[in-house]
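Some notes for the file follow, in numbered points. They take up the charged contacts, then the sheet, then the surface.

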Amino acid sequence: MGSVLSGWYGRRTSRLTTDDCLALDVRYMAREALLRPGNASTLTWSERGAIVASVGVRVTAGCVSIRNDHGHYPIRLDWMRCTLGGLRAFLLCPSCRGRRCLLYGIGRGFTCRECLRLSYLSDRLGRLDRAERRGWKILRRGRYDWTRKGFKPKWMRW
């Protein structure tokens, strides 16, 4: 017989989640106007105030070039027309050539979630953990004031 910490009790599976990787988001890049041809910038990822990683990004016509410690990686851009007008940008996964908004990086390059076989953190949670997460999400959205009687926001009626 082993102790509580022996065996599989409380151990994570070997499969990585999307939270374990760096995420390259084309929607963020478009919102910050980083997708103009000829634009060069640096993207950084931080955790608890400390910078975890950074990559250099240079945009050319139809391509985003990523430069990090391991080398230089071009990622093709694809543009799609929206129904109400305008264009929406997508990154093409270097492995499967699929249109993606997010590419995840582990070590060297960036590829999509399906190619890396990543799962979401919520897939690992049990029924009670998911219910607790939903409850906290509702409380954050409701902006409850814990100092008031009944915990109701100032604008909410009885």
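1. The structure holds four salt bridges (a side-chain nitrogen of Lys or Arg within 4 Å of a carboxyl oxygen of Asp or Glu). This is a predicted model, in which local features need pLDDT of at least 70 and side-chain atom pairs pLDDT 80 or more, while totals for chains, interfaces and linings use all residues. Residues are numbered from 1 along each chain as its sequence is written, and side-chain values use heavy atoms, without hydrogens and water.

2. Asp78 belongs to strand 5 (residues 71–81) and Arg99 to strand 7, so the contact ties together parts 21 residues apart in sequence. Strands are DSSP runs of E with at least two residues, and helices runs of H or I with at least four, numbered from the N terminus.

3. Glu114 forms a salt bridge with Arg100, with 3.4 Å between the closest N and O atoms. Glu114 sits in helix 2 (residues 113–116) and Arg100 in strand 7, 14 residues apart. Shared partners join Arg100, Arg113 and Glu114 into one network of salt bridges.

4. Six strands make an open sheet with antiparallel pairing, in the order 2-3-4-5-6-7; strands pair if DSSP finds at least two bridges between them. Strand 2 (40–47) and strand 7 (99–100) are the edges, each pairing on one side only.

5. Strand 3 (residues 50–60) pairs with strand 4 (residues 63–68) over five bridges. Ile66 in strand 4 is the bridge partner of Val57.

6. Arg140 lies in helix 3 (residues 127–142). Its relative accessible area is 59%, which means exposed (over 50%; buried is under 20%, partly exposed in between, with a 1.4 Å probe and protein chains only).
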